[in-house]
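Work through the exercises below with the sequence and the model side by side. Each task is followed by a solution in steps.

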Amino acid sequence: MPLSVVRRISFCAGHRLLGHEGKCAGLHGHNYVAEIEVTADGTDDVGRVIDFAEVKSRLKGWIDEYWDHGFLLNRDDEAAIAAVRSVEPTKVFLFPGNPTAEKMAEYLLEEVCPKALAPFNVRVDKVVLWETPDCFAVAAKGQGQGARG
Ligand SMILES: [Zn+2]
């Protein structure tokens, strides 16, 4: 039977949305919370899907290194990239497209989690990304869409 565990990871990051019609066009930041659901078809001999410490070191570790206290900027956003890079020290993560909550959740699901958890017999089918306490996005793999992949 599939069993899942969820790790909540909090981080702060700045961004802006290129082409946004309103206030998200300006540089600003959020206190984000990612909820990453890790699933396995059973447990290990200890009774775990995966040790929470592994999720912390691998996924929180990745977010801490690349996103936390950094700016996530659209890689086509030359003005914002130049502006942020003009201040040292700074941390910029060039994002493939606009760093919306939806796209950040998708990026964690598709790019980060499979690599970070590759050594384990688990999969991540769902990532929830809270941008504010009231707004979140969900990236989830559809049922029957190659649940092992
Ligand atoms: Zn924002």
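**Exercise 1. The zinc site**

Is His 28 buried, partly exposed or exposed, going by its relative accessibility? Then describe the site of the zinc ion to which His 28 belongs.

Solution. The model is a predicted one.
- Step 1: His 28 has a relative accessibility of 23%. Buried means under 20% and exposed means over 50%, so His 28 counts as partly exposed.
- Step 2: The zinc ion is coordinated through the NE2 atoms of His 15, His 28 and His 30, at 2.0 Å.
- Step 3: Written along the sequence, the spacing of these donor residues is H-x12-H-x1-H.
- Step 4: His 15 belongs to strand β1 and His 28 to strand β2 (residues 28-40), and this pair, 13 residues apart, links distant parts of the chain.
- Step 5: His 15 has a relative accessibility of 1%, so His 15 counts as buried.

**Exercise 2. Aromatic pairs**

How are the ring planes of Phe 11 and Trp 67 arranged, and how far apart are the ring centres? Compare their surroundings with those of Trp 130 and Phe 136.

Solution. 
- Step 1: A pair of aromatic rings is described by the distance of the centres and the angle of the planes.
- Step 2: The model has 14 aromatic pairs. In the pair of Phe 11 and Trp 67, the centres are 5.9 Å apart and the planes stand at 45°, so the pair is tilted.
- Step 3: Phe 11 is in strand β1 (residues 3-15), while Trp 67 is in the loop between α1 (52-66) and β3 (70-74), so the pair ties together parts that are 56 residues apart in sequence.
- Step 4: Phe 11 is buried, at 3% relative accessible area. Trp 67 is buried as well, at 0%.
- Step 5: For Trp 130 and Phe 136 the centres are 4.3 Å apart and the planes are at 40°, so this pair is also tilted.
- Step 6: Trp 130 is partly exposed, with a relative accessible area of 24%, and Phe 136 is partly exposed at 45%.
- Step 7: Phe 11 and Trp 67 belong to a cluster linked by ring pairs, whose members also include Tyr 32, Trp 62 and Phe 95.

**Exercise 3. Salt bridges**

Solution. 
- Step 1: The count of salt bridges is ten.
- Step 2: Between Arg 8 and Glu 35, the closest N and O atoms are 3.4 Å apart. Arg 8 is in strand β1 and Glu 35 in strand β2, so the bridge ties together parts that are 27 residues apart in sequence.
- Step 3: Arg 8 counts as exposed, at 54% relative accessibility.
- Step 4: Lys 60 and Asp 64 form a salt bridge of 2.9 Å, N to O. Both lie in helix α1, four residues apart, which is about one turn of the helix.

**Exercise 4. Backbone exceptions**

Which peptide bond is cis, and where is His 69 placed?

Solution. 
- Step 1: Most residues other than glycine have a negative phi, and most peptide bonds are trans.
- Step 2: The bond from Glu 88 to Pro 89 is cis, with omega near -5°. Pro 89 sits in the loop between α2 (78-85) and β4 (92-95).
- Step 3: His 69 is not a glycine, yet has a positive phi of about 55°. His 69 is in the loop between α1 and β3 and is exposed, with a relative accessible area of 62%.

Terms used: Residues are numbered from 1 along each chain as its sequence is written. This is a predicted model: local features need pLDDT of at least 70, side-chain atom pairs count only at pLDDT 80 or more; totals for chains, interfaces and linings use all residues. Side-chain values use heavy atoms; hydrogens and water are left out. Rings of Phe, Tyr and Trp (its six-membered ring) pair if their centres lie within 6.5 Å; planes under 30 degrees apart count as stacked, over 60 as edge-to-face and the rest as tilted. Helices (H or I, at least four residues) and strands (E, at least two) are DSSP runs, numbered from the N terminus. Buried means under 20% relative accessible area, exposed over 50%, partly exposed in between (1.4 Å probe, protein chains only). Donors are N, O and S atoms within 2.8 Å of the metal (3.2 Å for Na, K and Ca); water is not among the atoms, so sites may look incomplete. A salt bridge is a side-chain nitrogen of Lys or Arg within 4 Å of a carboxyl oxygen of Asp or Glu.
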